[in-house]
Amino acid sequence: MKAIKMGTKVEIYSDMVKTYDALPAKAYVVRFGKMDGFYLEEYVQIEVKEDKIYGHHLEKVNKVLQTYEKFDRNLGVILSGHKGIGKSLFAKLLSVEAIKKDIPMIVVDRYIPGIATYIEAIDQEILVLFDEFDKTFGEINALEGEMEPQASLLSLFDGISQGKKLFVITCNDIRKLNDYIINRPGRFHYHFRFECPSAEEIQIYLTDKLDKQYYGEIKYIIEFSRKVDLNYDCLRAIAFEINSGESFRKAIQDLNIINMMQERYNLILHFKNGPAMTVNGFNLNFFDEEEVTVDFAEDNYNEILCVKFYVQNCTYDRIGNQIIVPANKLTISYDEDYEKELVERVKKLVPDYLAIQKTREKEVHYILS
């Protein structure tokens, strides 16, 4: 029997109860019981099963831990981007390395009123991972009289009263994050943005994952990735099917990688004897057999040139890493009712090719030249 006293309250426990001066360096998840209140439950052992880590994950993990060691206050890290592109892997790597440094990891996978106070009371260095924060906290409406879930954590992210902590949040949609989290490096020092792999990264990944006899399929996958975003989950599934003996063309018809809607692309009409014309954010379905019509403006205002083409005539330009339609596959017409002098000048331009580039989300970081 063990008797544990908290203030004037004494509770009796069996001999199975163990007490620690500090939380052991393991993985935990926060739970809540109506009778017990908040408590920690041991989480499954965090393992990284990948033989090779692609991208800059390890470099960034080391950067976070080195910064955390230097800080005399809390450190916050945001991991944002679509599903399947490495956020969870990064969080696993960071958790494994933190535990090696004797820093326990605590997962918060749901909003429970009062959870900030509970975490704040843990008086030691810990890593707190808020998984899919934009859903677990961003999509939850506060009960009447309670603070908005994300806002209730702001003082926790700021605080240093109960031990220095490393806070990590993963999110798919940064637009659902509180305004006092984004652009607040005092609370979240780092924001790592995860994007779909580039053509070069896809080449490296598939060269590693595919049997050599199937290397000829890689060029078709890269071409497809310039039309439709492919994350590492998609690439893993594609590699498995191809190694099983299926061609990429056949495998993609059965995989859970489907054409949900038209994608948006930037279309650039290049000329041999003049500046290019561009249409940004054009809705295009690469898997439609209908003729596509695009109007271009010589001065970015008056659309006097019309281009028609079929997506079946698109080819992949490896050097430019883009989809193109050669000039001989374009049907071009002009607005003869517009200013004659301008129309005649545009008619003298000799089309070279039409480039089609997948639009990307707005770059969240500043890029200095």
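Modeller: In this predicted model, Ala, Val, Leu, Ile, Met, Phe, Trp, Tyr, Cys and Pro count as nonpolar, Asp, Glu, Lys and Arg as charged, and the others, Gly among them, as polar. Local features need pLDDT of at least 70, side-chain atom pairs count only at pLDDT 80 or more, and totals for chains, interfaces and linings use all residues of the predicted model. Residues are numbered from 1 along each chain as its sequence is written, and side-chain values use heavy atoms, with hydrogens and water left out.

Biologist: How many residues of the lining of the second largest pocket are charged?

Modeller: A pocket is an open set of points on a 1 Å grid over the protein atoms alone, where a 1.4 Å probe fits and protein lies on both sides within 12 Å along at least five of seven lines; lining residues have an atom within 4 Å of a point. The second largest pocket has 38 lining residues, and His 57, Ile 85, Gly 86, Phe 194 and Tyr 232 lie nearest its centre. Of the lining, twelve residues are nonpolar and nine are polar, while the number of charged residues is 17.

Biologist: How much space lies in the second largest pocket?

Modeller: Grid points are joined across faces, edges and corners, and a volume is the space filled by probe spheres set on those points. For the second largest pocket, this space is about 1000 Å³.

Biologist: From which helix does the largest share of the lining of the second largest pocket come?

Modeller: Helices (H or I, at least four residues) and strands (E, at least two) are DSSP runs, numbered from the N terminus. At least two lining residues come from each of helix 1 (57-70), helix 2 (87-100), strand 9 (190-193), helix 6 (199-209) and helix 8 (232-243). The largest share is five residues, supplied by helix 2.

Biologist: How far apart in space are Ile 99 and Ile 46?

Modeller: Ile 99 counts as partly exposed because its relative accessibility is 23%; buried means under 20% relative accessible area, exposed over 50%, and partly exposed in between (1.4 Å probe, protein chains only). In sequence, Ile 99 and Ile 46 are 53 residues apart, and their C-alpha to C-alpha distance in space is 9.6 Å.

Biologist: Is Leu 65 buried or exposed?

Modeller: Leu 65 lies in helix 1. Apart from neighbours within four places in sequence, Leu 65 is in contact with Leu 94, Glu 97, Ala 98, Lys 101 and Leu 166. Because its relative accessibility is 6%, Leu 65 counts as buried.

Biologist: At what angle do the axes of helix 6 and helix 7 cross?

Modeller: Axes are lines fitted to C-alpha atoms, for helices over the stretch in contact, and angles run from 0 to 180 degrees between N-to-C directions. The axes of helix 6 and helix 7 (residues 218-225) come within 10 Å, and the crossing angle is roughly 145°.

Biologist: Which residues of helix 7 make the contact with helix 6?

Modeller: Helix 6 contributes Ala 199, Ile 202, Gln 203, Leu 206 and Thr 207 to this contact. The residues of the contact divide into six nonpolar, three polar and no charged. From helix 7 come Ile 218, Ile 221, Ile 222 and Ser 225.

Biologist: What is the relative accessibility of Lys 227?

Modeller: Lys 227 is found in the loop between helix 7 and helix 8. Beyond neighbours within four places in sequence, Lys 227 is in contact with Glu 263, Tyr 265, Phe 286, Ile 323 and Lys 358. Lys 227 counts as buried because its relative accessibility is 14%.

Biologist: What is the phi of Asn 183?

Modeller: Asn 183 is placed in the loop between strand 8 (165-171) and strand 9. With a relative accessible area of 70%, Asn 183 is exposed. Its phi is positive, in a residue other than glycine, and is near 60°.

Key
Contact means heavy atoms within 4.5 Å.
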